[in-house]
Amino acid sequence: MGIFVGILVLSMVSVFAAKKVFEIQETDLVKIKTEAIDPDNDEITYSYGPPLDIQGEWQTGYNDSGRYFVNISASDGKSVSSQIIELIVGNKNQLPYLTENRLTVKEGQVIDLKSLIKDEDNDILKLKFEKPFDKSGIWKTTLGDAGYY
């Protein structure tokens with residue numbers, strides 16, 4: 001599902017933007033709907049500067065946060081009207097995850113779950129571990145601990 005970020009109105013006589021600044025979050029789909037009015041009723045073609053594609057869309061991802069100034073133009077083949085808009089892409093938190101879904105160890109080995117947790121945003125994490133792990137996420141396996149956990 002995308003996010004519709006607004007309408008840009010371009011007139012071949014003068015340029016007018018209904019909205020010049022759009023705020024979204026990382027992973028949002030940007031869709032710019034552009035409308036131009038040509039007094040001669042000529043066919044109008046639109047062009048969008050990066051990071052938008054030729055349809056005026058952009059699927060943002062993680063690590064796309066920042067400010068983007070995008071040039072949008074409308075042309076009737078004889079003249080061109082342009083407008084620069086600003087896209088502000090806000091940072092979206094990424095959930096921490098385990099780097100391994102399955103571990104195989106031998107009895108007597110030590111497992112440290114903290115070393116298997118990754119957070120792309122480098123947030124400070126509050127962790128809670130359950131038995132057989134201690135409160136620090138460590139399990140010192142011993143003879144007789146064989147099995148599936």
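Mentor: Start with Glu 43, which is exposed at a relative accessible area of 68%. The classes are buried (under 20% relative accessible area), exposed (over 50%) and partly exposed (in between), with a 1.4 Å probe and protein chains only. The model is predicted: local features need pLDDT of at least 70, side-chain atom pairs count only at pLDDT 80 or more, and totals for chains, interfaces and linings use all residues. Residues are numbered from 1 along each chain as its sequence is written, and side-chain values use heavy atoms, with hydrogens and water left out.

Glu 43 sits in the loop between E3 and E4. These labels follow DSSP runs numbered from the N terminus: strands (E) take at least two residues, helices (H or I) at least four. Which residues does Glu 43 touch, not counting those up to four places away in sequence? They are Ser 75 and Asp 76. A contact here means heavy atoms within 4.5 Å. Glu 43 and Ser 75 are 32 residues apart along the chain, yet their C-alpha atoms are separated by 8.3 Å.

Next comes Asp 42. It forms a salt bridge with Lys 78, and the closest N and O atoms are 2.8 Å apart. This pair links distant parts of the chain, 36 residues apart: Asp 42 lies in the loop between strand E3 (29-37) and strand E4 (45-48), Lys 78 in the loop between strand E6 (66-75) and strand E7 (80-90). A salt bridge needs a side-chain nitrogen of Lys or Arg within 4 Å of a carboxyl oxygen of Asp or Glu. Asp 42 is partly exposed at 23% relative accessibility. Lys 78 is exposed at 64%.

How many salt bridges does a search of the whole structure find? Three. In one of them, the side chains of Glu 86 and Arg 67 meet at 2.7 Å, N to O. That pair also links distant parts of the chain: Glu 86 is in strand E7, Arg 67 in strand E6, 19 residues apart. Glu 86 counts as buried, at 11% relative accessibility. Arg 67 counts as exposed, at 58%. Another salt bridge joins Glu 35 and Lys 33, with 3.4 Å between the closest N and O atoms. Both ends are partly exposed: Glu 35 has a relative accessible area of 36%, Lys 33 one of 41%.

The largest nonpolar core has 12 residues, including Ile 32, Tyr 48, Trp 58, Ile 72 and Val 89. Strand E2 (21-25), E3, E6 and E7 each supply at least two of its residues. E7 gives the largest share, three residues. Apart from this core lies another, of six residues, among them Ile 111, Leu 116, Phe 129 and Trp 139. A nonpolar core is a set of buried Ala, Val, Leu, Ile, Met, Phe, Trp, Tyr and Cys residues joined through side-chain atoms within 4.5 Å. Val 89 touches Ile 24, Trp 58 and Tyr 68, among others, with residues up to four places away in sequence not counted.

Step back to the whole chain. It has 11 strands and zero helices. Of its 149 residues, 32% count as buried. Take the contacts with a separation of 6 or more: residues 24 or more positions apart account for 61% of them.

The peptide bond from Pro 50 to Pro 51 is cis, with omega near 15 degrees. Pro 51 is in the loop between E4 and strand E5 (57-59). Lys 131 and Pro 132 are also joined by a cis peptide bond, with omega about 20 degrees. Pro 132 lies in the loop between strand E10 (117-118) and strand E11 (138-140). Asn 122 is found in the loop between E10 and E11. Its phi is positive, about 55 degrees, although Asn 122 is not a glycine. Asn 122 is exposed, with a relative accessible area of 69%. Thr 27, in the loop between E2 and E3, has a positive phi near 80 degrees. Thr 27 is partly exposed at 26% relative accessibility.
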